[in-house]
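Work through the exercises below with the sequence and the model side by side. Try each task before reading its solution.

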Amino acid sequence: MRHLYLHVPFCQRRCSYCDFSIAVRMRIPAREYVDAVLAELELVVESSPGWVNPGAMPRGSSEDGLDTLYLGGGTPSLLPPDALATLLTSLLDAFRATSSRDAVEVTLEANPEDVTPEHAAAWRRAGVNRVSLGAQSFDDGVLQWMHRSHDATRISDAVRDLRAAGFDNISLDLIFALPMELERDWARDLDLACSLHPAHLSLYGLTVEERTPLARWISRGATSAPDDERYAEEYLLAHSRLAACGYHFYEVSNAARNGHRSRHNSAYWSGHAYLGLGPAAHSFDGRARRWNLTGWESYRRAVAAGQPTVEAEEVLTDEQRELERLYLALRTDRGLPLDALCRPLPPTAALWVEQGWAEVRDQRLVCRPEGWLRLDALVRDLTGTPGAV
Ligand code: SF4
């Protein structure tokens, strides 16, 4: 396992569109969380040595040691800096990461309101070298509608504080395809994001998940549902705008300047194995996927009782693995090697090339932005399977 994910479930309130597994807390039980994650790691090492064997990794080896560590959530930036430092030191030691800590890509997801000069400096000292900032929009009205806790000014302040603390690998998350009545100016948001010169941008279209405030607003007609046409328009606008600012989309939703692709997420898209710790965290060993109990309390109790934290496991069939490999390859700018199809392009997929939605480059089928908008349909055409992955 060269890729480690930690789910930090705590948030101070729920955003209007979010259905993630979170625990809303005003006081973050940091000590309990750190103890629980480290205890879970011990349990995993004892009970499932096939999933992770940190002791077998040679110290200082760049080939076999930990390559990426990603703290996602929830809101990992709510962890007090000393708890974060304890956690990272213990994990990097457990995985015998190289003595040069920056050899491991250590990403912290942060909300702008949690970034202060003191926190940023402490995160850097603790070994964090990449921050993914949940900006979402530069429009204060939109941020309020989303139930975010920051305003637009706070985003640029956060980027400034992170840079001053030595972070040059900063990513911004933005959400697009918002309901029309918000009158969100997407081009303006893209320009403001570019003006901060982040190394990386992640763009997500708004989706309506059950049991969210957004779903309730839509069901009672208080807001309109996201619209496919608007989604496509804004997605294509992002491609042209960001390309003009020097960003390259290397995956459906992710664009980076040279040398700043997310190594952690790239490992997911390449089908590499990873270990997830914390409530709701997923793990994959190349053959089976498993996931932890989702609730913080049930997870904490299981760890305290020395019980397994795994809620369920799924062993992928050869067919599922093949479909997933194909889908993941087409999500990225590397595309799918034609010889992996073991047959000529089916006529329907060849039509995609004619339409300009995909191209064949160096014997690989690579989606263009218009193709990424229709990725599920392309996979269906290639495989003849009725449903998307
Ligand atoms: S901060 Fe992130 S995880 Fe927490 S509620 Fe908002 S979107 Fe969800």
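## Charged pairs and rings

The side chains of glutamate 32 and arginine 27 form a salt bridge, at 3.8 Å from N to O. The model used in these exercises is predicted.

**Exercise 1.** Decide whether glutamate 32 and arginine 27 are buried, partly exposed or exposed.

*Solution.*
- Step 1: The cut-offs are under 20% relative accessible area for buried and over 50% for exposed, with partly exposed in between.
- Step 2: Glutamate 32 has a relative accessible area of 34%, so this residue is partly exposed.
- Step 3: Arginine 27 has a relative accessible area of 58%, so this residue is exposed.

**Exercise 2.** Find which parts of the chain are tied together by the salt bridge between arginine 25 and glutamate 297.

*Solution.*
- Step 1: The N to O distance between the two side chains is 3.5 Å, and the limit for a salt bridge is within 4 Å.
- Step 2: Arginine 25 sits in the loop between strand S3 (23–24) and helix H1 (30–47), while glutamate 297 belongs to helix H10 (residues 296–304), so the pair ties together parts that lie 272 residues apart in sequence.
- Step 3: Arginine 25 is partly exposed at 26% relative accessible area, and glutamate 297 is partly exposed at 31%.
- Step 4: Salt bridges link Arg25, Glu297 and Arg300 in a network.

**Exercise 3.** Describe the salt bridge of arginine 124 with aspartate 102, then name the ring that arginine 124 lies over.

*Solution.*
- Step 1: The closest N and O atoms of arginine 124 and aspartate 102 are 2.7 Å apart.
- Step 2: Arginine 124 is in helix H3 (residues 117–126) and aspartate 102 is in the loop between helix H2 (81–94) and strand S5 (105–110), so the bridge ties together parts 22 residues apart in sequence.
- Step 3: Arginine 124 is partly exposed, at 24% relative accessibility, and aspartate 102 is partly exposed, at 42%.
- Step 4: Arginine 124 also lies over the face of phenylalanine 167, at 5.8 Å from the ring centre.

**Exercise 4.** State how far arginine 374 is from the ring centre of tryptophan 357, and which residues ring pairs link into a cluster with Phe176.

*Solution.*
- Step 1: Arginine 374 lies over the face of tryptophan 357, and the distance to the ring centre is 3.9 Å.
- Step 2: The cluster linked by ring pairs holds Phe176, Trp186, Tyr231, Tyr235 and Phe249.

**Exercise 5.** Give the counts of salt bridges and aromatic pairs.

*Solution.*
- Step 1: The model has 20 salt bridges.
- Step 2: The model has 15 aromatic pairs.

How values were computed: Residues are numbered from 1 along each chain as its sequence is written. This is a predicted model: local features need pLDDT of at least 70, side-chain atom pairs count only at pLDDT 80 or more; totals for chains, interfaces and linings use all residues. Side-chain values use heavy atoms; hydrogens and water are left out. Rings of Phe, Tyr and Trp (its six-membered ring) pair if their centres lie within 6.5 Å; planes under 30 degrees apart count as stacked, over 60 as edge-to-face and the rest as tilted. A charge sits over a ring if NZ of Lys or CZ of Arg is within 6 Å of the ring centre and within 35 degrees of the ring normal. Helices (H or I, at least four residues) and strands (E, at least two) are DSSP runs, numbered from the N terminus. Buried means under 20% relative accessible area, exposed over 50%, partly exposed in between (1.4 Å probe, protein chains only).
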